[in-house]
Amino acid sequence: MYLNIKDVDKSYSKEKKIIHGLSLEAEKGEFLVIVGPSGCGKSTLLRMIAGLEEIDRGIIEIDGQVVNSLSPAQRDIAMVFQNYALYPHMSVYKNLSYGLKNRGFDKGLIEQRVHEVAKLLQIEEFLFRKPSALSGGQRQRVAMGRAIVREPKVFLYDEPLSNLDAKLRHQMRIEIRKLHERLGITSVYVTHDQVEAMTLADRIVVMNEGKIEQIGTPDEIYNTPASVFVAKFMGTPPMNIFQVKISNGKMDFLGIEVETGSSDDTLFVGIRPEAIQDEESDISIEVAVTMVERLGSENIIYGECMGEQVIIKSKKTPSKNDTMQFYIPKESIFIFS
Amino acid sequence: MKKVQFNHRFLPYLFIAPQIIIVVIFFLWPSAMAVYYSFQMQDAFGVSMQFVGIDNYRDIFANMEYFHTCVFTLLFSVAVTLFSLSIGLFLAYKVNTILRAKSVYRTLFMWPYALAPAIVGLIASFLFNESHGDLYAFLNQLGWQFDPKSDPFDAQAMLIFVASWKQISVNFIFFLSGLQGIPRGVIEASKIDCQSAIRRFWTITFPLLSPTTFFLLITNITYAFFETFGLIDTTTRGTPMGETKTLAYKIYQDGFLGADIGGSSAQSVILMLFVLALTVFQFKYLEKKVHY
Amino acid sequence: MKKIRYDKLPVHIFLIVSALVFLLPVWMLIATSTHSPEEIIQHGFQLGIGEHFLSTYKSILFEKEGYTKSVTAGRMLINSLILGFGFAIGKVIISSLAAYAIVYFRFRLANFLFWIIFLTLLLPVEVRIVPSFEVLSTLGLLNSYTGLIVPLIASATGTFFFRQFYKSVPDELLEAAKIDGAGSWQFFIDILLPLSKTMMVALFIVMFIVGWNQYLWPVMMTTKPEYSTLLLGIKEIYQSNFEGSYLPEYNKAAAMTILALIVPVGIVVIFQKWFVKGLVDTEK
């Protein structure tokens, strides 16, 4: 594998481990997105790959070379920071060329590369401005440019879009994916935004409390979540989760019986808000509406069903306190032990 | 500190070495000497030293003159701090309320910062000069038999006035910058919630300035204790009757002019302990984050 | 046209009167320095400009004055400049380096050395003047510019100032520089130094004034008139004026005072923005 992380541990103090025995692999040219709630260790993992954090145990390999003891500069990686970390006193040109200069590149080559990248990112006209004279989106491009110009083995992104407004974030998301398809450089992208994860990733890594919950393609993560955590974390609004009692190896949920192999006392049942529909199907439920959020193309309905809170995505527009009939197809019910 | 730092065997020592060398030679060495001398007594000819234990300290505390100096230093510090702090705050508040010519007023009130206390003392010696001084004449015309050369109270009042005059600018600068640092939204919200400007000041603005005020409190006390040395040395020089000496000035007089090295060193050590206590207090306070 | 708001008029009047309380004494000195000594003795200190401006200043700058009559105010002015510049430059260089080590390096004695530097805040020079004098005389540094300047640099204020500023520099900048292959020297020279330019100027200005205004230290450490700074020179002139038996030359005393305060005051007024920054940021 091109990027290989084997059984890595990290802790800042004796009591609290940030990363526990984590292993992860990425193929050459793959776009890996690490997603998880804040404090799950995803940024630490990225910084460990970069060499900005030391690891307590384990191995990190890039392109067949163990990089554990190499400095960030020797690892041949590039990083795009959350706050961009542009050198505020240097022009865009100098920001882009600083890393190349330190590596002893020939002046002509530096100039050629900087101009190529500037053209690619459409920041040519700003080359001699200081970062303070640029808009948020332009700074973002410069930060990307500083990484691209180095032509590194691995790109590392640390929540690069979180400082942009919604519209620009959407636009940059598309550009990052386009750039990736064009340059084909192995990338690891950390975010807490599941939409970014779904749209950018070849494979998604869902992390929680220093461990990997699931690795898979966006479709796999969405359609076959491995745990309640993944199910709740991926998808907006989040999946409805119900705790269900088991008797005699069977559970009785919403009037239908489902065979379960498990002998646990309780199970969790998950239903996506978008799986609850108006058309007649296997299971019918009655929902007392408590609130409706109108999104334009559709509505999000909050309600109560048999004493539980449910969220439903629907085209219907009920009013508060209405009681409505909805249906759930059997195959869209998830069962987690 | 920083999440990421450099690891280097000797570079950091190289960077910090110049400062450490200066501190050791010109600070630690003389300070240690002060502690050492405070337990020694010089013979009448100034030739040999003799260990005398805590005799120097006992002499100091047995001496009424030292007690007088302590009382004056405290009185002087409290008065100077009170006057310069409140006037500085009042001026800063007034300047901050107006829109026009704000920067002109800022300049007009901050420039005295650049005056050395010794220079301020010399200017005062002009104004309070008994043959030509305008303020001297003015005070006497008012019916106050003002005579700082022979009346300790007059001399003390003059010192407090002059020392405060010089210190107002520092308080003004910090308070104005503190006032300008208060978010506009907070001020606007308070205007909606509270009609009276005076009440607004005491319930919103003043509490928000508390870190600045606390810092200035310490600064002003240090100023009154130590920096006023030049001011005293160019005006009263402790006269009349030694009633205008601060602790720092007495250390200088006893040690340099009086050649009582042991006694003067013991006084230094006592003052050192006082500053230490002040520093500890400052840190405790900051730790508690009495900010807001 | 902006509308003039008359309700603010009382505030303006109050502020202008207050400002005069600070300005008048200095104006009186300026005015007095332009009169002849005889006029002053007869009519007291002056508020109007007289006719002896040039002659007074020419004589103090180029004629030898004081008890010893061996040094001009011009020489003293140069000494004051040396003290101010030397102190400020030394302070900026030494404290920015020390703070760099403390903030950006992991090394064993970091905490211990930081506390050693911190200790200097405990004992102002006024309090340890006698043993300091002995140390300087042991080292043979009395009556030298080194002895005048270097010991004053010991205090921690500048180091704290830079430490505070370095801590406010985003961590990511160091991380980006590390990834870009910059070592510790390169990071200092290429990134940190240019970033702290404003802070350096600010600290320089504050420290220049502190250095220029030193009083007790030069009084103790220099006994030869050729090392005398303006503040010392003035002190002598005043002593001979107010205590001596000659005809008091108040005009010269006033002119010397003006000379000693015009430089720091000018700097504070001209570089106001930087100066306030330097002052206010030191104390955070």
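Q: With which residue does A:Arg150 form a salt bridge?
A: This is a predicted model in which local features need pLDDT of at least 70 and side-chain atom pairs count only at pLDDT 80 or more, while totals for chains, interfaces and linings use all residues, and side-chain values use heavy atoms, leaving out hydrogens and water. Residues are numbered from 1 along each chain as its sequence is written, and chains are lettered from A and ligands numbered from 1 in the order in which they are written. A salt bridge is a side-chain nitrogen of Lys or Arg within 4 Å of a carboxyl oxygen of Asp or Glu. The closest N and O atoms of this pair are 3.9 Å apart, and the partner of A:Arg150 is C:Asp180.

Q: Which strand and which helix of chain A each supply at least two residues of the side that touches chain C?
A: Helices (H or I, at least four residues) and strands (E, at least two) are DSSP runs numbered from the N terminus. A polar contact is a pair of N or O atoms within 3.5 Å, where within protein one must be able to donate a hydrogen and the other to accept it, and residues adjacent in sequence count only if both atoms are side-chain atoms. Between chain A and chain C there are two salt bridges and 11 residue pairs in polar contact, both residues at pLDDT 80 or more. On the side of chain A that touches chain C, the elements asked for are strand E6 (77–80) and helix H2 (92–102).

Q: Which three residues supply 31% of the area that chain A buries against chain C?
A: With contact meaning heavy atoms within 4.5 Å, 21 residues of chain A and 16 residues of chain C take part. Buried area is the accessible area (1.4 Å probe) that two parts lose on being put together, summed over both. It comes to about 1600 Å² between chain A and chain C, with 61% from carbon and sulfur atoms. The three residues, which supply more than any other three, are A:Tyr87, A:His89 and A:Tyr98.

Q: Which helix of chain B gives the largest share of the side that touches chain C?
A: The contact takes 87 residues from chain B and 111 residues from chain C, and the area buried is about 9300 Å², to which carbon and sulfur atoms give 76%. Zero salt bridges are counted between these chains, against 17 residue pairs in polar contact. The largest share of this side of chain B, 20 residues, comes from residues 11–37, that is, from helix H1.

Q: Does B:Lys250 count as buried or exposed?
A: B:Lys250 lies in helix H12 (residues 247–257) of chain B, and, neighbours within four places in sequence aside, its contacts include B:Glu65, B:Tyr66 and B:Gln267. Buried means under 20% relative accessible area, exposed over 50% and partly exposed in between (1.4 Å probe, protein chains only). Because the relative accessibility of B:Lys250 is 3%, this lysine counts as buried.
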